[in-house]
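Please keep the sequence and the model in view while reading.

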Amino acid sequence: MAESGGEATRIMVAVNESSIKGYPHASISSRGAFQWTLNKIVRDNPSGFILLFLHVQVPDEDGFDDMDSIYASPEDFKGMKDRDKKRGLHLLEYFVNRCHEVGVSCEGWIKKGDPKEVICHEVKRIHPDILVVGCRGLGPFQRVFVGTVSEFCQKHAECPVITIKRKPEEMPQDPVDD
């Protein structure tokens with residue numbers, strides 16, 4: 001970890017929105033990974049760390065976000081882009097505000113694409129000391145069909161990766177919800 005008088009330890013924390021419909025907030029896994037990072041790594045040394053928040057927005061396959069593509073207009077696309085940008089900024093604002101409350105320096109940015117690929121690309125580009133990712137706790141059957149970002153990052157990220165599991169009491173009825 002960061003030494004006194006030395007360079008700050010740079011921790012990238014991959015964050016995402018909750019997948020529960022109508023809940024535009026940080027996911028359970030993201031909040032857990034962030035809180036764990038504060039409690040177990042940063043502790044009483046906020047000046048020794050810089051938290052780097054990466055949010056990857058996944059584009060809808062057809063680009064229409066559940067709207068009928070036959071009736072889409074240029075205004076619809078602009079509205080979707082504006083909405084996605086606002087949601088991403090709202091998400092990053094949550095983490096940035098918490099960092100400022102405890103005095104930890106931070107940065108945040110949004111990228112689009114496949115989360116596992118983008119996270120590993122950003123690790124290669126930014127060179128953090130550590131990557132922290134949350135884990136939804138999918139079962140073996142769900143992992144086959146959904147895949148896990150955390151497992152991919154463990155294998156492919158070019159820095160140490162810490163995966164934070166959700167606590168049992170944080171599990172929604174459907175583990176895919178986060």
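Ala33 has its place in helix 1, where helices (H or I, at least four residues) and strands (E, at least two) are DSSP runs numbered from the N terminus. The model is a predicted one, in which local features need pLDDT of at least 70 and side-chain atom pairs count only at pLDDT 80 or more, while totals for chains, interfaces and linings use all residues. Residues are numbered from 1 along each chain as its sequence is written, and side-chain values use heavy atoms, with hydrogens and water left out.

Ala33 counts as buried, at 0% relative accessibility; buried means under 20% relative accessible area, exposed over 50%, and partly exposed in between (1.4 Å probe, protein chains only). Leaving aside neighbours within four places in sequence, Ala33 is in contact with Val132, Val133, Gly134 and Ile164, contact meaning heavy atoms within 4.5 Å. The C-alpha atoms of Ala33 and Thr163 are separated by 7.7 Å, although these residues lie 130 residues apart along the chain. A further pair of this kind is formed by Arg166 and Gly32, which are 134 residues apart in sequence and 6.8 Å apart in space, C-alpha to C-alpha. Arg166 is found in the segment after strand 5 and is buried, with a relative accessible area of 7%.

The chain as a whole gives the context. It has five helices and five strands, and from the N terminus on the elements run β-α-β-α-β-α-β-α-α-β. Of the 178 residues in the chain, 37% are buried. Among contacts with a separation of 6 or more, 75% are between residues 24 or more positions apart.

Strand 2 pairs with two other strands. Seven bridges join strand 1 to strand 2, and the two run parallel; strands pair if DSSP finds at least two bridges between them. In this pairing Met12 stands opposite Leu52 in strand 2. Strand 2 also pairs with strand 3 (residues 105-112) in the parallel sense, over eight bridges, and here Phe53 stands opposite Gly108 in strand 3. Strand 2 is mostly covered, with eight of its nine residues buried.

Which residues touch the most other members of the largest nonpolar core? They are Ile11, Leu51 and Phe53, in a core of 21 residues. A nonpolar core is a set of buried Ala, Val, Leu, Ile, Met, Phe, Trp, Tyr and Cys residues joined through side-chain atoms within 4.5 Å. Two or more residues of this core come from each of strand 1 (9-15), helix 1 (28-42), strand 2, helix 2 and strand 4, and helix 1 gives the largest share, five residues. A second, separate core of 18 residues includes Leu52, Val118, Leu131 and Cys153. In soluble globular proteins, nonpolar side chains tend to be buried together. Ile11 touches Thr37, Ile41, Phe49, Ile50, Leu51, Leu52, Ile130 and Val132, not counting residues up to four places away in sequence.

The aromatic residues come next. A search of the whole structure finds four aromatic pairs; rings of Phe, Tyr and Trp (its six-membered ring) pair if their centres lie within 6.5 Å, and planes under 30 degrees apart count as stacked, over 60 as edge-to-face and the rest as tilted. Phe53 and Phe95 form a stacked pair, 5.2 Å centre to centre with 25° between the planes. Phe53 lies in strand 2 (residues 49-57) and Phe95 in helix 2 (residues 74-102), so this pair ties together parts that are 42 residues apart in sequence. Phe53 is buried, at a relative accessible area of 0%, and Phe95 is buried with a value of 0%. Tyr94 and Phe95 form an edge-to-face pair, 4.9 Å centre to centre with 90° between the planes; Tyr94 is partly exposed, at 26% relative accessibility. Phe34, Phe53, Tyr94 and Phe95 form one aromatic cluster.
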